[in-house]
Amino acid sequence: MLKVDNLVAGYGKVKVLHGISIHVPKGKTVALIGSNGAGKTTTLRALSGMLKPESGSIVLSDRPIMGLTSHEITRLGLAHSPEGRRVFATLPVMDNLLLGAFPRLTGMRAKGDVDGDVNRMFELFPRLKERKAQLAGTLSGGEQQMLAMARALMLNPDVLLLDEPSMGLSPRLVEEIFHTIERLKKAEITMLLVEQFAAAALEVSDFGYVMENGHIRTSGEASALKNDPAVKAAYLGGGH
Amino acid sequence: MQILMQLIVSGASVGMIYGVIAFGYQLTFATSKTLNFGQGEALMLGALVGLTTVNFLIGNAIGNFWAYVLMLPVVLAFGALQGSVVEWLGVRPAMRAKSEAGWIMATIALGIIFKNLAENIWGRDALRFPSPLPEASLSFGGIRIQPMEIVVVIGAVVLMVAVELFNRYSIYGKAVVATSNDRDAAGLMGINTNRIITFSYALSSMSAAFAGVLVAPITLTGATMGAVLGLKAFAVAIIGGLSSGLGVVIGGLILGITETLTGYYISTGYKDVPGLLLLLIVLSLKPSGLFGKAAIKKV
């Protein structure tokens, strides 16, 4: 579904990704873990066109998307729930959701049942329903995270990129977010998940990739990675 | 008391013109953090294109009123086109080069070019714009108002309300607001933010052109009419706040009314001073403008 080969990207002269390859099969959840500064967020930014990659190849559902702008990539079915949530603060929750479906509402992507999807989002995140008329900027951090995820899902994406959905949230909310990810996985949403909580991320994923200094250090079945002594020592210690 | 009311009413219609032009500054600032410093020239071009259109229609035996009505869509379309050209030639290259100030010089330069162009096409003299309505003043309890002054206020309000409704209720309008909120995130929604910025420039110049044909029948039309209006409207945008739709209306009214009051009670020679003093005071005490919104942000 999403196939990344030898991707090189960075900011100006500073290279961050030194040729990484990731494969996200249809209907599967793939975790991308690694320490701070390993290049996880940069990877997602390069995939969704927020950052122009230098070389390599990115193929989404058999279409090469490398070098396209972020709006073109989104219209082709790649949704990105970015780091820091980036909800539209001065717009109500409802409008944020509708904007997630912008390509569907403007004839640039199969329309489907937008209203039905809004209701499904409210079912998945009941708190958003209570707050649907409230400005997104006035939501709590956890609610904003839910909104960012719901907004990305409103694209009806072929692949969903989730960047640190648990960042800055209380333990209870982190658990809630992971439950939601499990539900999305059961619904066979194809996901690439970047997480600091490596153990929990591997728990909900089918496959995992471990990043280090802009390289993929190791990868494999999530269950195998969880028990890999080297991975355990480096990323799964300390109760995370 | 009656004189005071008269001055306030006259000031209000000028103020609404400032408000509409300032509204145009806001539109582009919201989406791109850039402004068209040739906004006054957009107004002037709109007024002159409007004048030529109206004269042509009147020459073809259409009455003043209907000539004016038929001219409006022509001028609005022209304004939108002119704004797109400014964005494409002046702003986009500077933004692509990540130049902090390139767009300032580029929009000023385009403004000068437009002014020279207008001088060559329409000459340097001020021209009379045929009024669509009777020019005799109406009297309300002794306060005299020109019918066209009422049209100015109504037209300004209609324009701003229309844009607000578009932003609030259409998906494209929401896309404009989303782009103002967070351009990168808007791109992730599949919104072509370059096109949104071009659109905001088109809408901005369209507002200025509209202001031009609103004010033209009251004042005179000519290649030099834009510079002062554009500058004063910029002061209004700063006083009212570049991010507050209501702010420019209030700011425009404040400036328009202080001008007429100063002109009458002190001297017309000083009529620009209080507004500019107010600008300096606002800049030093509340740089985001009287009604500028503090960003809603919660982490």
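This is a predicted model: local features need pLDDT of at least 70, side-chain atom pairs count only at pLDDT 80 or more; totals for chains, interfaces and linings use all residues.
1. Residues are numbered from 1 along each chain as its sequence is written, with chains lettered from A and ligands numbered from 1 in written order.

2. In chain B, the axes of helix 2 (residues 39-59) and helix 9 (residues 225-240) come within 7 Å and cross at roughly 135°. Axes are lines fitted to C-alpha atoms, for helices over the stretch in contact; angles run from 0 to 180 degrees between N-to-C directions. Helices (H or I, at least four residues) and strands (E, at least two) are DSSP runs, numbered from the N terminus.

3. On the helix 2 side of chain B, the contact includes L43(B), M44(B) and A47(B). Helix 9 of chain B contributes residues including L229(B), L231(B) and A233(B). Contact means C-beta atoms, placed from the backbone, within 7 Å.

4. Chain A has an open sheet of four strands, order 2-1-4-5, with antiparallel pairing. Pairing needs at least two DSSP bridges. Strand 2 (14-24) and strand 5 (63-64) of chain A are the edges. Strand 1 (residues 2-11) and strand 2 of chain A share eight bridges. K3(A) has H23(A), in strand 2 of chain A, as its bridge partner.

5. Helix 1 (residues 40-47) of chain A packs on that sheet, touching strands 1, 2 and 4 (55-60) of chain A. Its direction makes about 75° with that of strand 2 of chain A.

Notes: Two residues are in contact if their C-beta atoms, placed from the backbone, lie within 7 Å.
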